[in-house]
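Hello,

Here is the structure we talked about. Please open it first, then read the notes below.

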Amino acid sequence: MLKVLAVPAFEDNYLWLIHNGEFAAVVDPGDAAPILTALDDMRLRLVAILLTHHHSDHVGGVAELKRRFKVPVYGPQESRIAEITIAVDQNDIVHLPELCLELIVLKVPGHTLTHIAYHSQTEHWLFCGDTLFGAGCGRLFEGTPSQMYESLQKLASLADNTEVYCAHEYTLANLKFAEAVEQGNAAVRERIANEQAKRSRNLPTVPSSIGLEKATNPFLRCNEPEVQARVRSLNPSYGNDGLAIFTALREWKNVFC
Ligand code: ZN
Ligand code: FE
C-alpha cells in the first residue's frame with residue numbers, strides 16, 4: 001500500500017515522500033535534513049528523486065541526498081539543475097519499480113518556463129510544485145499569463161478526485177483572495193471554515209482535490225460569470241475571455257493583502 005507523507009520544511013514548504021513502508025521517492029527535496037530524518041525514522045530506502053522546477057526551495061537538498069543514495073534524479077529538460085540524471089518531457093512516464101508506481105509527466109510552464117508536474121492515473125495523485133496551489137496558483141516568474149492559463153486548464157482537466165499535492169501551505173491566504181473575488185461562493189466560505197479548522201490543529205490543508213479547486217480556486221474559475229463581473233467591476237476595459245480574466249486576477253492577487 002502506497003502512502004504520501006508531507007515533510008514540512010522552511011516556512012511553508014511541503015516536501016512529499018511517496019513510500020510503501022520499505023522504499024521511498026521524494027518530490028522536490030528543497031532541504032535534505034528533514035528527508036534524511038524521515039527516511040531514518042521510518043526505515044525507508046530512497047529510490048528516486050523527482051523535481052518539478054529549479055527554485056532552491058525545491059532542489060536545495062538534492063546534492064546531499066545524491067551523495068548518500070545512488071538514485072536517479074528526474075526533472076525538466078533544462079541545464080539549470082546539474083543533478084538531474086533523467087530529463088523528462090510531456091507524456092514521459094517515470095517508472096518506479098520498487099513502488100510499483102508510474103507517474104506521467106505534464107509540462108506546465110508559467111511559474112518557470114520548464115516547470116513540470118507528475119500525475120498518477122492509478123493513485124489519482126498530482127504533484128504540481130508551484131503551479132496550482134490550494135485556492136491559488138504560482139507567481140509568473142518566467143512564463144506568460146497565457147502559458148500559466150493553459151497549464152492550469154491542463155491540470156483542471158484531470159479527474160475531480162485527483163489529489164493535489166502542491167509545494168506550499170498558502171491555502172488560507174489564497175482563500176482570503178478567493179472570498180474577495182467571489183463573495184457569493186458558498187463553497188469558498190465552507191472551505192475557509194474547513195481549512196481554518198485544520199490549521200488550528202496544525203494539520204496541512206494539502207492535498208486538496210481537483211474537484212475542490214474547480215469549485216473554490218478563482219484561477220480555475222475565469223469563465224464563471226460572477227468572477228468575470230467582479231474583475232470587470234474593477235476595470236471595465238478588461239476583456240471577457242478566460243485568459244483576460246486570468247491575467248487580471250493574477251495581477252490583482254500580486255497586490256492583494
Ligand atoms: Zn518556485
Ligand atoms: Fe516554491
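**Helix pair**

Helix H5 passes helix H6 in a left-handed crossing (the near helix is turned anticlockwise from the far one by less than a right angle). This is a predicted model: local features need pLDDT of at least 70, side-chain atom pairs count only at pLDDT 80 or more, and totals for chains, interfaces and linings use all residues. Residues are numbered from 1 along each chain as its sequence is written, chains are lettered from A and ligands numbered from 1 in the order written, and side-chain values use heavy atoms, without hydrogens and water.

H5 covers residues 171-181 and H6 covers residues 186-200. Their axes come within 10 Å and cross at roughly 160°. The two helices are therefore roughly antiparallel (over 145 degrees). Contact (heavy atoms within 4.5 Å) involves residues of H5 including Leu-172 and Leu-175, and residues of H6 including Val-188 and Ile-192. The contact residues divide into five nonpolar, two polar and five charged.

**Metal site**

Which residues coordinate the iron ion (ligand 2)? They are Asp-57 (OD), His-58 (NE2), Asp-130 (OD) and His-168 (NE2), at 2.1 to 2.3 Å. Donors are N, O and S atoms within 2.8 Å of the metal (3.2 Å for Na, K and Ca); water is not among the atoms, so sites may look incomplete. The four donor atoms subtend angles of 85 to 165°, which makes the arrangement irregular. Asp-130 also bridges the iron ion (ligand 2) and the zinc ion (ligand 1), which lie 3.3 Å apart.

Best wishes

Terms used
Axes fitted to C-alpha atoms, helices over the stretch in contact; angles between N-to-C directions. Helix = DSSP H or I, 4+ residues; strand = E, 2+ residues; numbered from the N terminus. Parallel < 35°, antiparallel > 145°, perpendicular 65-115°, else oblique. Nonpolar A, V, L, I, M, F, W, Y, C, P; charged D, E, K, R; others polar. Tetrahedral: all angles 85-135°; square planar, octahedral: opposite > 155°, others 65-115°.
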